[in-house]
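Trainee: I would like to study this structure by asking questions in turn. May we begin once it is in view?

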Amino acid sequence: MINNPSKIKSILLAAIGAMLVAAPALAATTVSFSPVNVSVAPNRDFSVTIAVNPQGVKNYTVSLELRFPADLIQLKSFSFADGWMPLSQPGYNTVDNTNGILVKTAGYTGGLSEAMVFGTAVFTSKQSGNSVITLNNVKSQALDGTNANVISTAPVQVVVNVVSVGGAPQGGV
C-alpha cells in the first residue's frame, strides 16, 4: 500500500494523462448507408447515400470499398458530396461491375471531425432476387492526422430486394 500522498497523486495524474491520450485512438470513424433496406423492380435505379462520422477525431482521407452481388445489381454511377477531393491514384477509384466492387477514395481539406455525407452510389437492379451491399471494413480506411486508420470494423450493409412488378417498388430513383 502506498502511504505517500505525492506518489498517489503522481500515479493518478499519469493514469488520467494516459486515458486522455488514448481516448482519441479509441474513437472510431463509423460508416453508414441510407437507406438500409431497398425494394425495387428489375431494371430500375436506386440510390445509396454513404456517410462517415469521425466521432470528433479529425479524418483527412477516407477510402471505402463496397461489395455487391454483380449478378443482381450493377453500379451505374458514383458522385462525391461537396467538399471531398477525389484522389486519382491507381487502386483508389475502382468500379468493377463484373466482380461487384466499388472503391472510392477522397480527402477532405482541413480534415473533418463531424458526420458528413461521403457520396452517393446509384445502382441498377438486373433481375429478381435478394442481395446485400456491404462495406469491406478490411480494405476501407479513414486516416487521421498521423495517417492511422481509425475506421470502425462494425458491419455496414444495405439489404436490396429486387422484386418483379407484382411487388410495390420503393426507393427507386
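Trainee: How many of the 10 residues of strand β9 are buried?

Mentor: This is a predicted model, in which local features need pLDDT of at least 70, side-chain atom pairs count only at pLDDT 80 or more, and totals for chains, interfaces and linings use all residues. Residues are numbered from 1 along each chain as its sequence is written, and side-chain values use heavy atoms, with hydrogens and water left out. Strands (E, at least two residues) are DSSP runs numbered from the N terminus, and buried means under 20% relative accessible area, exposed over 50%, partly exposed in between (1.4 Å probe, protein chains only). Strand β9 covers residues 116-125 and is mostly covered, the number of buried residues being 7.

Trainee: In which order do the 4 strands of the open sheet lie?

Mentor: Two strands pair if DSSP finds at least two bridges between them. β3 and β9 are antiparallel and share 8 bridges, while β5 and β9, also antiparallel, are joined by 7 bridges. β1 pairs with strand β3 (residues 45-53) in the antiparallel sense over 5 bridges. The order of the open sheet is therefore β1-β3-β9-β5.

Trainee: Which are the edge strands of this sheet?

Mentor: An edge strand here pairs on one side only. The two that do so span residues 30-34 and 73-80, and they are β1 and β5.

Trainee: By what angle are neighbouring strands of this sheet turned against each other on average?

Mentor: Axes are lines fitted to C-alpha atoms, and angles run from 0 to 180 degrees between N-to-C directions. For neighbouring strands of this sheet the direction is ignored, and the average is 25°.

Trainee: With which residue does D45 form a salt bridge?

Mentor: Side chains of opposite charge can pair when their charged atoms come close. A salt bridge is a side-chain nitrogen of Lys or Arg within 4 Å of a carboxyl oxygen of Asp or Glu. The closest N and O atoms of the pair are 2.6 Å apart, and the partner of D45 is K76.

Trainee: Why does this pair tie together parts that are 31 residues apart in sequence?

Mentor: D45 is buried, with a relative accessible area of 17%, whereas K76 is exposed at 53%. The pair ties together parts 31 residues apart in sequence because D45 lies in strand β3 and K76 lies in strand β5.

Trainee: Which residue meets R67 in a salt bridge?

Mentor: The structure holds 2 salt bridges. The N to O distance is 2.7 Å, and the partner is E65.

Trainee: Which strand gives the most to the lining of the largest pocket?

Mentor: On a 1 Å grid over the protein atoms alone, a pocket is an open set of points with protein on both sides within 12 Å along at least five of seven lines, a cavity is a set where a 1.4 Å probe fits but cannot get out, and lining residues have an atom within 4 Å of a point. The largest pocket is lined by 13 residues, of which S63, Y92, T105, K139 and Q141 lie nearest its centre. At least two lining residues come from each of β4 (59-67), β8 (101-112) and β11 (141-144). With 4 residues, the strand that gives the most is β4.

Trainee: What is the volume of the largest cavity?

Mentor: A volume is the space filled by probe spheres set on the grid points, which are joined across faces, edges and corners. The lining of the largest cavity consists of T29, T30, V31, L135, N137, I151, S152, A154 and V156. The volume of this cavity is about 30 Å³.

Trainee: Which residues of strand β12 point to one face and are buried?

Mentor: Side chains alternate along strand β12 (residues 157-162).

Trainee: Which residue in β12 is the bridge partner of V38?

Mentor: Strand β2 (residues 37-40) and β12 pair in the parallel sense over 4 bridges. The bridge partner of V38 in β12 is V160.
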